[in-house]
Amino acid sequence: MTKNNDPCDSPFARDVIEGLSRPQKRISSRWLYDTRGSELFEQITDLDEYYPTRTETAIFEAEANAIARSLGRGAVLVEYGAGALVKTRILLDALEAPGGYVPIDISGPFLKKAAEDLSSDYPDLKVSPVVADFTKPVDLSEAPGDADARVGFFPGSTIGNLEDDQIISFFKAARASLGASARFILGADLKKDPAILVPAYDDAQGVTAEFNKNLLVRMNRELGADFDLGTFDHEARWNDSASQIEMHLVANRPAVLNMCGAAFNFETGETIHTEISRKFDLHSLDQLLQAGGWTRQQTWTDPKSYFAVMLLGPDSPDRLN
């Protein structure tokens, strides 16, 4: 069978066309993370305004031994949406004889480089990268180590990029993939003053703006779109009723986008909604976790309660029904 190499028939193209056809145009945040997008996000995590990464990292540095003790010997880390692996390394250093590491990410080149770097620094660790969309079921049949020792690992507050139904679906799929005996380490950003939140997603240096507009660059390169980057501005908004930051690309003048044989009209002020970043309270998060088949067993936070790292265990089986 001949493989279809038409970029306009790719999952990316289909998602973009469907999203730009909506009254409120939107594109899934997963498409922000091509190789350049992943690199820009790692730059964002080092910005003064962006508190989540350094806050969560500090929790892992302070509590790594306690977390490791709760996981026991031979734990196999399965990381969803692997990034620069800073927190991964902290946890691996604390674990007793880790049984393996399985990073999962949609960006193949970025994942390959990260896995190679980790393998070089941990020559005795079995590293098995998987290129996949982690929001869907992932085949772990080739994963190293003891299947009963698997630990889902989802740091970085990425859970906040998902809607309620997506969170529930993700955790159900993760429980099915990881196995009945698995545990899970989750990082989540907590509710706080919007005066702290908004600058974290609209930094003074403009790195987050470049990260957001890189989606347009990717569409031009991969899908033959004709976006003029100067027509769109980055904007971060706080939605208080939904308790979330929303990232938008805002048209600063009327424009027509041509892509894959379709035309999309933009009026001044019209936006493409590209990402949400939800901020949780633990009670509402518990309800979502339980609906997905997990229960929170332990929680570690920073002194200001900006962020939480949680150990999850399987909930009762009937929760999945």
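Student: In which hand does α6 pass α9?

Tutor: The model is predicted. Handedness describes how the near helix is turned from the far one. Here α6 crosses α9 in the right-handed sense.

Student: Which residues of α6 and α9 make the contact?

Tutor: On the α6 side they are Asp164, Ile167, Ile168, Phe171 and Lys172. Leu288, Leu289 and Ala291 are the partners from α9. Sorted by class, this contact of α6 with α9 has six nonpolar and two charged residues, with no polar ones.

Student: At what angle do the axes of α6 and α9 cross?

Tutor: At roughly 45°, with the axes coming within 8 Å. Helix α6 covers residues 164-178 and helix α9 covers residues 282-291. An angle under 35 degrees would count as roughly parallel, and 65 to 115 as roughly perpendicular. The two helices, α6 and α9, are therefore oblique to each other.

Student: How are α3 and α4 oriented to each other?

Tutor: Begin with the crossing angle again. The axes of α3 (residues 51-71) and α4 (residues 86-94) cross at roughly 15° and come within 8 Å. So α3 and α4 are roughly parallel to each other. The crossing of α3 past α4 is right-handed.

Student: Which residues of α3 and α4 meet?

Tutor: From α3, the residues are Thr53, Glu56, Thr57, Phe60, Glu61, Ala64, Asn65, Ile67 and Ala68. They meet Val86, Lys87, Ile90, Leu91 and Ala94 of α4. By class, the contact between α3 and α4 has eight nonpolar, three polar and three charged residues.

Student: Which residues line the largest cavity?

Tutor: The lining consists of Tyr80, Phe134, Lys136, Pro137, Val138, Phe170, Ala173, Ala174 and Ser177. Helix α6 supplies the largest share of this lining, four residues. Seven lining residues of the largest cavity are nonpolar, one is polar and one is charged.

Student: What volume does the second largest pocket have?

Tutor: A pocket, unlike a cavity, is an open set of points. The second largest pocket has a volume of about 170 Å³. Its lining is made up of Ser10, Pro11, Phe12, Arg30, Trp31, Tyr33, Asp34, Ile106, Ser107 and Arg218. In that pocket lining, five residues are nonpolar, two are polar and three are charged.

Methods: Residues numbered from 1 in each chain as written. Predicted model: local features only at pLDDT ≥ 70, side-chain atom pairs only at ≥ 80, totals over all residues. Heavy atoms only, no water. 1 Å grid on protein atoms, 1.4 Å probe; cavity = no way out; pocket = protein on both sides within 12 Å on 5 of 7 lines; lining within 4 Å. Nonpolar A, V, L, I, M, F, W, Y, C, P; charged D, E, K, R; others polar. Axes fitted to C-alpha atoms, helices over the stretch in contact; angles between N-to-C directions. Parallel < 35°, antiparallel > 145°, perpendicular 65-115°, else oblique. Contact = heavy atoms within 4.5 Å. Points joined across faces, edges and corners; volume = space filled by probe spheres on them.
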